Amino acid sequence: MNEALKNIMERKSVRTFTADAVSEEQLAQLVKAGMAAPSAVDTRPWDFIIVTDKSLLKQLAEALPYAKMAAKAPAAIIVTGDLRRQYGGGEALYWLIDCSAATENILLAAEAIGLGAVWTALFPEADRVIAARKILGIPEHIVPLNLIPLGVPAGEPRAKDKYEPGQVHKNRW
Ligand SMILES: Cc1cc2nc3c(=O)[nH]c(=O)nc-3n(C[C@H](O)[C@H](O)[C@H](O)COP(=O)(O)O)c2cc1C
């Protein structure tokens with residue numbers, strides 16, 4: 001199979017990590033992949049917060065019920081959207097779509113370089129957004145979409161086969 005397609009099919013959420021560190025170069029590769037995503041009218045309303053500080057990772061894990069694995073991850077990336085920089089401005093939702101595309105790029109890039117990662121939701125859960133804002137000092141016009149704990153996968157997590165021919169429609173619904 002084509003290498004890029006194989007990488008897409010092999011991506012899986014990874015929630016347990018070895019004690020190995022993630023290098024600055026690897027983290028840079030991941031955010032570069034994020035920034036290569038498409039965005040509406042090429043507005044690129046994203047920012048990326050790279051967290052390697054153990055105490056911050058612990059605080060995030062304690063505050064976020066479905067991101068407990070962050071406490072044992074060597075690093076995490078928070079993908080945020082800027083309401084002022086997005087297409088449509090203010091109340092529009094393009095930031096969410098654009099930042100989701102950037103997130104998937106990061107997850108695929110992690111798979112490609114032998115790392116494991118998992119999208120853990122912040123937005124649209126108000127309490128999680130507030131907690132992340134407080135811990136990381138994120139201003140009001142910036143919305144944290146998710147927290148992506150990442151590291152070298154522990155064990156051998158497997159990708160799921162999700163192909164459903166019944167969900168494909170030809171020409172008309
Ligand atoms: C919008 C979104 C929110 C998610 N939130 C969480 C989360 O808070 N915690 C978590 O462990 N996984 C979370 N996930 C990961 C999903 O559980 C995972 O993608 C799904 O079970 C499919 O498994 P796979 O990623 O291995 O293919 C989230 C995924 C998405 C797309």
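Start with strand 5, residues 142–151. Here 10 of the 10 residues are buried, so strand 5 is largely enclosed by the rest of the structure. Buried means that 20 or more other C-beta atoms lie within 10 Å of the residue's own; exposed means 12 or fewer, partly exposed is in between, and C-beta atoms are placed from the backbone. Strands are DSSP runs of E, at least two residues, and helices are runs of H or I, at least four, both numbered from the N terminus.

Two quick notes on the numbers. This is a predicted model: local features need pLDDT of at least 70, side-chain atom pairs count only at pLDDT 80 or more, and totals for chains, interfaces and linings use all residues. Residues are numbered from 1 along each chain as its sequence is written.

Which strands pair with strand 5? Strand 2, residues 75–82, runs antiparallel to strand 5, with 8 bridges joining them. Ile-77 has Ile-148 as its bridge partner in strand 5. Strand 3, residues 116–117, pairs with strand 5 over 2 bridges, in the antiparallel sense. There, Gly-116 stands opposite Gly-151. Strand 4, residues 120–121, also pairs with strand 5, antiparallel, over 2 bridges. Thr-120 has Leu-147 as its bridge partner. Two strands pair, by the way, if DSSP finds at least two bridges between them.

**The whole chain**

Step back now. The protein has 5 helices and 5 strands. Along the sequence, the pattern is α-α-β-α-β-α-β-β-α-β. The radius of gyration is 17 Å, close to the 16 Å that the globule rule gives for 173 residues, so the protein is as compact as a globular protein of that length. That radius is taken over C-alpha atoms, and the rule is 2.2 Å times the number of residues to the power 0.38. The C-alpha atoms fill a box of roughly 50 × 45 × 30 Å, taken along the principal axes. Buried residues make up 34% of the 173. Of the contacts with a separation of 6 or more, 76% come from residues 24 or more positions apart. A contact means C-beta atoms, placed from the backbone, within 7 Å.

**Around the ligand**

Which residues surround the ligand? They are Lys-12, Ser-13, Arg-15, Tyr-66, Ala-67, Val-118, Trp-119, Thr-120, Ala-121 and Lys-160. Each has its C-beta atom, placed from the backbone, within 6 Å of the ligand. By class, that shell has 5 nonpolar, 2 polar and 3 charged residues. Ala, Val, Leu, Ile, Met, Phe, Trp, Tyr, Cys and Pro count as nonpolar, Asp, Glu, Lys and Arg as charged, and the others, Gly among them, as polar.

**Backbone exceptions**

Most residues other than glycine have a negative phi, and most peptide bonds are trans. Phe-123 and Pro-124 are joined by a cis peptide bond, with omega about 5°. Pro-124 sits in the loop between strand 4 and helix 5 (126–136).

Val-41 is not a glycine, yet its phi is positive, near 50°. Val-41 lies in the loop between helix 2 (24–35) and strand 1 (46–51). Is Val-41 buried or exposed? Exposed, with 10 other C-beta atoms within 10 Å. Asn-171 has a positive phi too, about 65°. Asn-171 belongs to the segment after strand 5. Asn-171 is exposed, with 4 other C-beta atoms within 10 Å.

Technical notes:
Contact = placed C-beta atoms within 7 Å.
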